[in-house]
Amino acid sequence: QIAAIHAPGLENIIVAETTLSHVDGQKGELILRGKAIDDIAGKQSFEEAVCHLWQGLLLPSQTNLTPAFGTARLKAFQAVEQLAPLAKELSVIDWMRLGLDSLTIDEDERTNAVELTAALAVFLTSARRLKQGQTPITPDPEAGFSKDLLFMLHGSEPDKEAIDAMDRYLVTILDHGLNASTFTARVVASTLSDMRSCLSAAIGALKGPLHGGAPGPVLDMIEDIGEPKKADRWIEQELNAGNRLMGFGHRVYRVRDPRADVLKEGLKSLTHLTDRIEKAQAIEQAALKALKRHKPDRVLDTNVEFYTAVLLDAIGFDRTLFTPLFAVGRSAGWAAHVIEQQSAGKLIRPQSRYIGPSI
Ligand code: CMC
(Lines give C-alpha, C1' and ligand atoms only; values in the text may rest on other atoms or scores of the structure.)
Protein backbone atom coordinates (compact mmCIF):
# COMPACT_ATOMS: atom_id res chain seq x y z
CA GLN A 1 0.00 0.00 0.00
CA ILE A 2 1.25 3.48 -0.89
CA ALA A 3 1.67 5.75 2.16
CA ALA A 4 -0.65 8.75 1.97
CA ILE A 5 0.62 12.21 2.92
CA HIS A 6 -1.20 13.94 5.77
CA ALA A 7 -1.47 17.60 4.77
CA PRO A 8 -4.16 19.50 6.71
CA GLY A 9 -5.49 22.36 4.64
CA LEU A 10 -3.53 20.89 1.69
CA GLU A 11 -0.81 23.39 2.57
CA ASN A 12 2.13 23.18 0.13
CA ILE A 13 0.47 20.44 -1.91
CA ILE A 14 0.36 20.91 -5.69
CA VAL A 15 -2.77 19.39 -7.21
CA ALA A 16 -2.92 21.06 -10.62
CA GLU A 17 -0.78 22.62 -13.32
CA THR A 18 -1.93 25.96 -14.65
CA THR A 19 -0.89 28.52 -17.24
CA LEU A 20 -3.20 31.12 -15.69
CA SER A 21 -1.61 32.65 -12.61
CA HIS A 22 1.26 32.22 -10.20
CA VAL A 23 1.53 33.43 -6.62
CA ASP A 24 5.09 33.73 -5.31
CA GLY A 25 4.61 33.89 -1.58
CA GLN A 26 8.25 34.64 -0.81
CA LYS A 27 8.74 37.48 -3.29
CA GLY A 28 5.22 38.86 -2.93
CA GLU A 29 4.54 38.51 -6.63
CA LEU A 30 1.34 37.72 -8.54
CA ILE A 31 1.74 36.87 -12.21
CA LEU A 32 -1.22 36.57 -14.59
CA ARG A 33 -0.15 34.75 -17.76
CA GLY A 34 3.32 36.22 -17.76
CA LYS A 35 2.46 39.73 -16.56
CA ALA A 36 2.88 41.12 -13.05
CA ILE A 37 -0.40 42.23 -11.51
CA ASP A 38 0.82 45.82 -11.17
CA ASP A 39 1.42 45.92 -14.95
CA ILE A 40 -2.23 45.07 -15.57
CA ALA A 41 -4.36 46.47 -12.75
CA GLY A 42 -4.83 50.22 -13.10
CA LYS A 43 -3.71 49.99 -16.73
CA GLN A 44 -6.28 47.72 -18.35
CA SER A 45 -10.04 47.54 -18.28
CA PHE A 46 -11.66 44.42 -16.84
CA GLU A 47 -12.46 43.15 -20.35
CA GLU A 48 -8.86 43.64 -21.54
CA ALA A 49 -7.48 41.82 -18.51
CA VAL A 50 -9.97 38.96 -18.95
CA CYS A 51 -8.95 38.72 -22.63
CA HIS A 52 -5.33 38.46 -21.46
CA LEU A 53 -6.21 35.73 -18.94
CA TRP A 54 -8.46 33.84 -21.36
CA GLN A 55 -5.89 33.73 -24.19
CA GLY A 56 -6.48 30.58 -26.21
CA LEU A 57 -9.78 29.90 -24.46
CA LEU A 58 -11.97 32.34 -26.37
CA LEU A 59 -14.07 31.69 -29.47
CA PRO A 60 -13.06 33.91 -32.46
CA SER A 61 -16.38 35.77 -32.05
CA GLN A 62 -15.52 36.67 -28.45
CA THR A 63 -12.18 38.39 -28.87
CA ASN A 64 -13.76 41.79 -28.30
CA LEU A 65 -15.23 41.09 -24.90
CA THR A 66 -17.00 44.43 -24.42
CA PRO A 67 -19.88 43.59 -26.81
CA ALA A 68 -19.80 39.89 -25.87
CA PHE A 69 -20.25 40.74 -22.18
CA GLY A 70 -22.85 43.39 -23.12
CA THR A 71 -25.04 40.92 -25.02
CA ALA A 72 -24.67 38.43 -22.19
CA ARG A 73 -25.77 41.05 -19.63
CA LEU A 74 -28.95 41.69 -21.61
CA LYS A 75 -29.64 37.96 -21.78
CA ALA A 76 -29.17 37.53 -18.03
CA PHE A 77 -31.45 40.49 -17.32
CA GLN A 78 -34.37 38.50 -18.74
CA ALA A 79 -34.17 36.21 -15.70
CA VAL A 80 -34.41 39.02 -13.16
CA GLU A 81 -38.16 39.58 -13.11
CA GLN A 82 -38.98 35.96 -12.38
CA LEU A 83 -36.57 35.79 -9.44
CA ALA A 84 -37.40 39.21 -8.04
CA PRO A 85 -39.82 37.97 -5.33
CA LEU A 86 -36.94 36.16 -3.56
CA ALA A 87 -34.56 39.12 -3.47
CA LYS A 88 -35.66 40.37 -0.08
CA GLU A 89 -35.33 36.97 1.60
CA LEU A 90 -31.87 36.08 0.33
CA SER A 91 -28.51 37.77 0.70
CA VAL A 92 -27.19 39.39 -2.49
CA ILE A 93 -24.68 36.61 -3.05
CA ASP A 94 -27.21 33.84 -2.51
CA TRP A 95 -29.58 35.52 -4.93
CA MET A 96 -26.74 35.75 -7.47
CA ARG A 97 -26.30 32.00 -7.19
CA LEU A 98 -30.02 31.52 -7.71
CA GLY A 99 -29.71 33.68 -10.81
CA LEU A 100 -26.95 31.45 -12.18
CA ASP A 101 -29.12 28.39 -11.63
CA SER A 102 -31.99 29.93 -13.57
CA LEU A 103 -30.04 30.60 -16.80
CA THR A 104 -30.18 28.47 -19.90
CA ILE A 105 -26.75 27.08 -20.53
CA ASP A 106 -24.86 26.64 -23.79
CA GLU A 107 -23.14 23.45 -24.84
CA ASP A 108 -19.88 25.34 -25.30
CA GLU A 109 -18.20 26.14 -21.99
CA ARG A 110 -16.41 29.13 -23.56
CA THR A 111 -19.76 30.72 -24.24
CA ASN A 112 -20.81 29.90 -20.68
CA ALA A 113 -17.64 31.54 -19.34
CA VAL A 114 -18.64 34.84 -20.98
CA GLU A 115 -22.33 34.59 -20.16
CA LEU A 116 -21.99 33.59 -16.52
CA THR A 117 -19.35 36.23 -15.72
CA ALA A 118 -21.55 38.93 -17.25
CA ALA A 119 -24.65 37.54 -15.57
CA LEU A 120 -23.16 37.87 -12.09
CA ALA A 121 -22.79 41.63 -12.59
CA VAL A 122 -26.46 41.86 -13.56
CA PHE A 123 -27.57 39.71 -10.62
CA LEU A 124 -25.49 41.68 -8.12
CA THR A 125 -26.89 45.03 -9.18
CA SER A 126 -30.46 43.78 -9.58
CA ALA A 127 -30.46 42.04 -6.19
CA ARG A 128 -29.21 45.15 -4.53
CA ARG A 129 -31.82 47.40 -6.13
CA LEU A 130 -34.65 44.96 -5.44
CA LYS A 131 -33.60 44.74 -1.78
CA GLN A 132 -33.85 48.50 -1.58
CA GLY A 133 -37.28 48.55 -3.23
CA GLN A 134 -35.86 50.00 -6.47
CA THR A 135 -36.43 48.81 -10.02
CA PRO A 136 -33.53 46.87 -11.57
CA ILE A 137 -31.84 48.74 -14.41
CA THR A 138 -31.64 47.31 -17.91
CA PRO A 139 -27.99 46.83 -18.92
CA ASP A 140 -26.47 48.93 -21.67
CA PRO A 141 -24.89 46.31 -23.96
CA GLU A 142 -22.54 48.85 -25.50
CA ALA A 143 -21.04 50.14 -22.26
CA GLY A 144 -17.81 48.90 -20.75
CA PHE A 145 -18.18 46.27 -18.04
CA SER A 146 -17.27 48.47 -15.06
CA LYS A 147 -19.20 51.47 -16.30
CA ASP A 148 -22.35 49.43 -16.81
CA LEU A 149 -21.96 47.68 -13.46
CA LEU A 150 -21.89 51.07 -11.71
CA PHE A 151 -24.75 52.35 -13.87
CA MET A 152 -26.92 49.30 -13.16
CA LEU A 153 -26.23 49.76 -9.46
CA HIS A 154 -26.76 53.48 -9.00
CA GLY A 155 -28.98 54.34 -11.96
CA SER A 156 -26.81 57.32 -12.92
CA GLU A 157 -23.75 57.85 -15.11
CA PRO A 158 -20.67 56.99 -13.06
CA ASP A 159 -17.70 59.36 -13.07
CA LYS A 160 -14.35 58.35 -14.53
CA GLU A 161 -12.73 58.00 -11.12
CA ALA A 162 -15.27 55.42 -10.04
CA ILE A 163 -15.03 53.48 -13.33
CA ASP A 164 -11.23 53.41 -13.07
CA ALA A 165 -11.38 52.26 -9.45
CA MET A 166 -13.86 49.53 -10.36
CA ASP A 167 -11.68 48.30 -13.23
CA ARG A 168 -8.65 48.35 -10.94
CA TYR A 169 -10.45 46.33 -8.29
CA LEU A 170 -11.95 43.74 -10.67
CA VAL A 171 -8.61 43.22 -12.42
CA THR A 172 -6.70 42.94 -9.13
CA ILE A 173 -8.88 40.09 -7.91
CA LEU A 174 -9.33 38.35 -11.30
CA ASP A 175 -7.23 35.30 -10.52
CA HIS A 176 -4.96 34.14 -7.72
CA GLY A 177 -3.56 30.65 -8.03
CA LEU A 178 -5.34 27.84 -6.26
CA ASN A 179 -7.21 29.79 -3.59
CA ALA A 180 -10.09 28.01 -1.84
CA SER A 181 -12.86 29.03 -4.27
CA THR A 182 -10.79 28.33 -7.39
CA PHE A 183 -9.83 24.97 -5.95
CA THR A 184 -13.52 24.30 -5.29
CA ALA A 185 -14.35 25.16 -8.91
CA ARG A 186 -11.58 22.84 -10.10
CA VAL A 187 -12.74 19.97 -7.86
CA VAL A 188 -16.22 20.21 -9.38
CA ALA A 189 -14.75 20.57 -12.90
CA SER A 190 -12.60 17.48 -12.32
CA THR A 191 -15.76 15.37 -12.13
CA LEU A 192 -16.51 16.73 -15.64
CA SER A 193 -19.48 18.63 -14.28
CA ASP A 194 -20.58 21.82 -16.04
CA MET A 195 -19.31 25.39 -15.72
CA ARG A 196 -22.43 26.65 -13.96
CA SER A 197 -22.12 24.05 -11.17
CA CYS A 198 -18.43 24.88 -10.77
CA LEU A 199 -19.11 28.62 -10.40
CA SER A 200 -22.01 28.04 -8.07
CA ALA A 201 -19.85 25.89 -5.77
CA ALA A 202 -17.02 28.41 -5.94
CA ILE A 203 -19.33 31.19 -4.75
CA GLY A 204 -20.14 29.08 -1.69
CA ALA A 205 -16.43 28.76 -0.88
CA LEU A 206 -15.75 32.42 -1.53
CA LYS A 207 -18.28 33.85 0.87
CA GLY A 208 -16.67 32.44 4.02
CA PRO A 209 -14.96 35.02 6.26
CA LEU A 210 -11.53 33.42 5.92
CA HIS A 211 -11.64 33.95 2.13
CA GLY A 212 -13.79 36.52 0.29
CA GLY A 213 -15.93 37.41 3.28
CA ALA A 214 -13.11 39.29 5.05
CA PRO A 215 -13.51 42.88 3.76
CA GLY A 216 -16.85 43.50 5.51
CA PRO A 217 -15.29 42.78 8.93
CA VAL A 218 -12.29 44.93 7.91
CA LEU A 219 -14.59 47.90 7.52
CA ASP A 220 -16.29 47.03 10.83
CA MET A 221 -12.86 47.14 12.46
CA ILE A 222 -11.95 50.51 10.91
CA GLU A 223 -15.29 52.00 11.92
CA ASP A 224 -15.25 50.51 15.43
CA ILE A 225 -11.78 51.93 16.03
CA GLY A 226 -12.83 55.31 14.66
CA GLU A 227 -9.80 57.40 15.64
CA PRO A 228 -6.31 55.99 14.95
CA LYS A 229 -5.26 56.92 18.51
CA LYS A 230 -7.72 54.28 19.74
CA ALA A 231 -6.31 51.62 17.42
CA ASP A 232 -3.63 50.13 19.72
CA ARG A 233 -6.07 49.44 22.53
CA TRP A 234 -8.81 48.03 20.27
CA ILE A 235 -6.40 45.75 18.43
CA GLU A 236 -4.75 44.55 21.62
CA GLN A 237 -8.15 43.59 23.05
CA GLU A 238 -9.08 41.67 19.91
CA LEU A 239 -5.82 39.74 19.80
CA ASN A 240 -5.92 39.03 23.54
CA ALA A 241 -9.42 37.66 23.09
CA GLY A 242 -7.96 35.24 20.50
CA ASN A 243 -9.65 36.92 17.53
CA ARG A 244 -8.02 37.37 14.14
CA LEU A 245 -7.56 40.74 12.53
CA MET A 246 -9.35 40.61 9.22
CA GLY A 247 -7.36 41.82 6.22
CA PHE A 248 -4.07 40.43 7.56
CA GLY A 249 -2.25 37.15 7.09
CA HIS A 250 -2.21 34.80 4.14
CA ARG A 251 -1.77 31.12 3.44
CA VAL A 252 0.82 31.68 0.70
CA TYR A 253 2.35 35.15 1.17
CA ARG A 254 5.11 35.47 3.72
CA VAL A 255 5.48 39.11 2.73
CA ARG A 256 2.93 41.77 1.88
CA ASP A 257 0.21 40.73 -0.56
CA PRO A 258 1.08 42.70 -3.74
CA ARG A 259 -2.63 43.26 -4.42
CA ALA A 260 -2.88 45.36 -1.26
CA ASP A 261 -0.53 47.93 -2.79
CA VAL A 262 -2.22 47.84 -6.19
CA LEU A 263 -5.49 48.79 -4.49
CA LYS A 264 -3.80 51.30 -2.18
CA GLU A 265 -2.35 53.00 -5.27
CA GLY A 266 -5.88 53.35 -6.63
CA LEU A 267 -6.82 55.47 -3.61
CA LYS A 268 -4.41 58.21 -4.67
CA SER A 269 -6.85 59.62 -7.23
CA LEU A 270 -9.62 59.92 -4.61
CA THR A 271 -8.22 63.13 -3.18
CA HIS A 272 -11.52 64.26 -1.64
CA LEU A 273 -11.25 61.30 0.73
CA THR A 274 -7.71 61.86 1.95
CA ASP A 275 -8.71 62.05 5.63
CA ARG A 276 -10.55 58.74 5.63
CA ILE A 277 -7.79 57.02 3.71
CA GLU A 278 -5.10 58.33 6.05
CA LYS A 279 -7.08 57.02 9.01
CA ALA A 280 -7.26 53.56 7.46
CA GLN A 281 -3.51 53.62 6.79
CA ALA A 282 -2.77 54.55 10.40
CA ILE A 283 -4.95 51.67 11.60
CA GLU A 284 -3.13 49.32 9.23
CA GLN A 285 0.22 50.37 10.70
CA ALA A 286 -1.05 49.82 14.27
CA ALA A 287 -2.33 46.37 13.30
CA LEU A 288 0.96 45.38 11.69
CA LYS A 289 2.90 46.39 14.79
CA ALA A 290 0.55 44.48 17.08
CA LEU A 291 0.63 41.36 14.90
CA LYS A 292 4.41 41.39 14.95
CA ARG A 293 4.35 41.49 18.74
CA HIS A 294 1.72 38.78 19.08
CA LYS A 295 3.10 36.38 16.49
CA PRO A 296 6.81 37.11 16.13
CA ASP A 297 7.41 33.76 14.38
CA ARG A 298 4.80 34.21 11.68
CA VAL A 299 4.77 36.99 9.10
CA LEU A 300 1.28 38.44 9.19
CA ASP A 301 1.17 41.29 6.71
CA THR A 302 -1.63 43.17 4.97
CA ASN A 303 -3.65 41.16 2.47
CA VAL A 304 -5.87 42.23 -0.43
CA GLU A 305 -8.99 42.44 1.72
CA PHE A 306 -7.81 45.35 3.84
CA TYR A 307 -7.58 47.75 0.90
CA THR A 308 -10.56 46.14 -0.82
CA ALA A 309 -12.65 47.42 2.06
CA VAL A 310 -11.06 50.88 1.98
CA LEU A 311 -11.31 51.27 -1.82
CA LEU A 312 -14.84 49.94 -2.25
CA ASP A 313 -16.07 51.99 0.69
CA ALA A 314 -14.45 55.05 -0.86
CA ILE A 315 -16.35 54.60 -4.15
CA GLY A 316 -19.68 54.16 -2.42
CA PHE A 317 -20.11 50.40 -2.00
CA ASP A 318 -21.48 49.26 1.31
CA ARG A 319 -20.11 46.16 3.01
CA THR A 320 -22.94 43.86 1.91
CA LEU A 321 -21.68 44.19 -1.67
CA PHE A 322 -17.97 43.52 -1.06
CA THR A 323 -18.11 39.74 -1.34
CA PRO A 324 -20.65 39.74 -4.22
CA LEU A 325 -18.34 42.06 -6.13
CA PHE A 326 -15.40 39.77 -5.43
CA ALA A 327 -17.47 36.96 -6.98
CA VAL A 328 -18.09 39.02 -10.14
CA GLY A 329 -14.38 39.67 -10.77
CA ARG A 330 -13.16 36.24 -9.69
CA SER A 331 -15.77 34.40 -11.79
CA ALA A 332 -13.65 35.09 -14.89
CA GLY A 333 -10.71 33.43 -13.13
CA TRP A 334 -12.84 30.48 -12.00
CA ALA A 335 -14.17 30.02 -15.54
CA ALA A 336 -10.66 29.81 -17.00
CA HIS A 337 -9.62 27.28 -14.35
CA VAL A 338 -12.73 25.22 -15.05
CA ILE A 339 -11.88 24.98 -18.76
CA GLU A 340 -8.26 24.13 -17.91
CA GLN A 341 -9.31 21.46 -15.42
CA GLN A 342 -11.91 19.93 -17.73
CA SER A 343 -9.20 19.37 -20.32
CA ALA A 344 -6.73 18.08 -17.71
CA GLY A 345 -9.18 15.21 -17.19
CA LYS A 346 -7.93 14.01 -13.80
CA LEU A 347 -10.47 13.53 -11.01
CA ILE A 348 -9.43 15.37 -7.83
CA ARG A 349 -10.05 12.92 -5.07
CA PRO A 350 -7.89 13.12 -1.92
CA GLN A 351 -8.21 10.85 1.09
CA SER A 352 -9.08 11.32 4.72
CA ARG A 353 -7.50 9.59 7.69
CA TYR A 354 -10.04 7.53 9.61
CA ILE A 355 -9.85 8.22 13.34
CA GLY A 356 -13.24 6.73 14.28
CA PRO A 357 -13.84 3.49 16.19
CA SER A 358 -12.60 0.24 14.65
CA ILE A 359 -14.90 -2.65 13.80
N1 CMC B 1 -4.87 37.84 12.93
C2 CMC B 1 -4.34 37.25 14.02
N3 CMC B 1 -3.71 36.08 13.99
C4 CMC B 1 -3.60 35.46 12.82
C5 CMC B 1 -4.10 36.02 11.64
C6 CMC B 1 -4.76 37.26 11.74
N7 CMC B 1 -5.27 37.84 10.65
N8 CMC B 1 -3.84 35.21 10.61
C9 CMC B 1 -3.20 34.15 11.10
N10 CMC B 1 -3.05 34.31 12.44
C11 CMC B 1 -2.39 33.40 13.37
C12 CMC B 1 -3.30 32.22 13.67
O13 CMC B 1 -4.11 32.46 14.80
C14 CMC B 1 -2.33 31.10 13.89
O15 CMC B 1 -1.83 31.19 15.21
P16 CMC B 1 -1.60 29.84 16.08
O17 CMC B 1 -0.53 29.11 15.33
O18 CMC B 1 -1.17 30.37 17.40
O19 CMC B 1 -2.91 29.11 16.08
C20 CMC B 1 -1.18 31.44 12.95
O21 CMC B 1 -1.26 32.84 12.71
C22 CMC B 1 -1.27 30.72 11.63
O23 CMC B 1 -2.59 30.86 11.12
P24 CMC B 1 -3.30 29.77 10.23
O25 CMC B 1 -4.77 29.98 10.30
O26 CMC B 1 -2.78 28.41 10.56
O27 CMC B 1 -2.73 30.14 8.82
P28 CMC B 1 -3.48 29.95 7.47
O29 CMC B 1 -2.45 29.93 6.41
O30 CMC B 1 -4.38 28.77 7.51
O31 CMC B 1 -4.39 31.25 7.41
C32 CMC B 1 -5.71 33.02 6.71
C33 CMC B 1 -4.51 32.13 6.38
C34 CMC B 1 -5.90 34.00 5.57
C35 CMC B 1 -6.97 32.16 6.82
C36 CMC B 1 -5.43 33.78 8.05
O37 CMC B 1 -4.28 34.55 7.96
C38 CMC B 1 -6.63 34.62 8.49
O39 CMC B 1 -7.54 34.08 9.12
N40 CMC B 1 -6.63 35.96 8.16
C41 CMC B 1 -7.76 36.79 8.48
C42 CMC B 1 -8.87 36.60 7.44
C43 CMC B 1 -8.51 37.27 6.13
O44 CMC B 1 -8.05 38.41 6.08
N45 CMC B 1 -8.81 36.53 5.03
C46 CMC B 1 -8.54 37.01 3.68
C47 CMC B 1 -7.41 36.27 3.06
S48 CMC B 1 -6.77 37.05 1.59
C49 CMC B 1 -8.02 36.82 0.45
C50 CMC B 1 -7.88 35.56 -0.27
O51 CMC B 1 -6.91 35.42 -1.06
O52 CMC B 1 -8.76 34.71 -0.06
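Valine 114 sits in helix H5, which spans residues 109–131. The model described here is predicted. Valine 114 counts as buried because 24 C-beta neighbours lie inside 10 Å, and the cut-off for burial is 20 or more.

**Valine 114 and its surroundings**

- Valine 114 is in contact with Gln62, Ala68, Phe69 and Ala72, leaving aside neighbours within four places in sequence.

**Packing of helix H5**

- H5 packs with helix H6 (residues 145–154) at an angle of about 20°, and the two axes are 8 Å apart.
- Angles under 35 degrees count as roughly parallel, so H5 is roughly parallel to H6.
- The crossing of H5 and H6 is right-handed.
- On the H5 side the contact is made by Ala121, Val122, Thr125 and Arg128, and on the H6 side by Phe145, Leu149, Met152 and Leu153.
- H5 also packs with helix H15, at an angle of about 170° and with the axes 9 Å apart.
- Because that angle is over 145 degrees, H5 is roughly antiparallel to H15.
- The H5 residues that meet H15 are Glu109, Arg110, Ala113, Leu116, Thr117, Leu120, Ala121 and Leu124.
- Their counterparts in H15 are Pro324, Leu325, Ala327, Val328, Ser331, Ala332, Ala335, Val338, Ile339 and Gln342.
- Ala121 of H5 takes part in the contact with H6 and also in the one with H15.

**The whole protein**

- The secondary structure consists of 15 helices and three strands.
- The radius of gyration is 20 Å, close to the 21 Å that the globule rule gives for 359 residues, so the protein is as compact as a globular protein of that length.
- Along the principal axes, the C-alpha atoms fill a box of roughly 65 × 55 × 40 Å.
- Of the 359 residues, 48% count as buried.
- Among contacts between residues at least 6 apart in sequence, 77% join residues at least 24 apart.

**Helix H9**

- Helix H9 (residues 195–206) has 12 residues and reaches 16 Å from its first C-alpha to its last, close to the 16 Å expected at 1.5 Å a residue.
- Its buried residues are Met195, Arg196, Cys198, Leu199, Ser200, Ala202, Ile203 and Leu206.
- The elements covering these buried residues include helix H4 (92–102), H5, helix H8 (180–190) and helix H15 (322–344).

- In helix H12 (residues 258–266), Pro258, Arg259, Ala260, Val262, Leu263 and Gly266 are buried.
- The buried residues of H12 pack against strand E2 (29–32), helix H7 (160–172) and helix H14 (304–314).
- Threonine 308 lies in helix H14 and is buried, with 28 other C-beta atoms within 10 Å.
- Not counting residues up to four places away in sequence, threonine 308 touches Tyr169, Pro215, Leu263 and Phe322.
- Threonine 308 and alanine 260 are 48 residues apart along the chain, and their C-alpha atoms are separated by 7.7 Å.
- The axes of H14 and helix H10 (residues 215–225) come within 8 Å and cross at roughly 75°.
- H10 and H14 are therefore roughly perpendicular to each other.
- Pro215, Val218 and Leu219 of H10 make this contact with Glu305, Phe306, Thr308, Ala309 and Asp313 of H14.

**Residues with positive phi**

- Most residues other than glycine have a negative phi.
- Asparagine 12 is not a glycine, but it has a positive phi of about 60°.
- Asparagine 12 lies in the segment before strand E1 (21–24) and counts as exposed, with 10 C-beta neighbours inside 10 Å.
- Leucine 192 is likewise not a glycine and has a positive phi of about 65°.
- Leucine 192 is found in the loop between H8 and H9.
- With 10 C-beta neighbours inside 10 Å, leucine 192 counts as exposed.

Conventions
Residues numbered from 1 in each chain as written. Predicted model: local features only at pLDDT ≥ 70, side-chain atom pairs only at ≥ 80, totals over all residues. Helix = DSSP H or I, 4+ residues; strand = E, 2+ residues; numbered from the N terminus. Rg over C-alpha atoms; globule rule 2.2 N^0.38 Å. Buried ≥ 20, exposed ≤ 12 C-beta atoms within 10 Å, placed from the backbone. Contact = placed C-beta atoms within 7 Å. Expected span 1.5 Å × (residues − 1). Axes fitted to C-alpha atoms, helices over the stretch in contact; angles between N-to-C directions. Parallel < 35°, antiparallel > 145°, perpendicular 65-115°, else oblique. Left-handed = near helix turned anticlockwise from the far one by under 90°.
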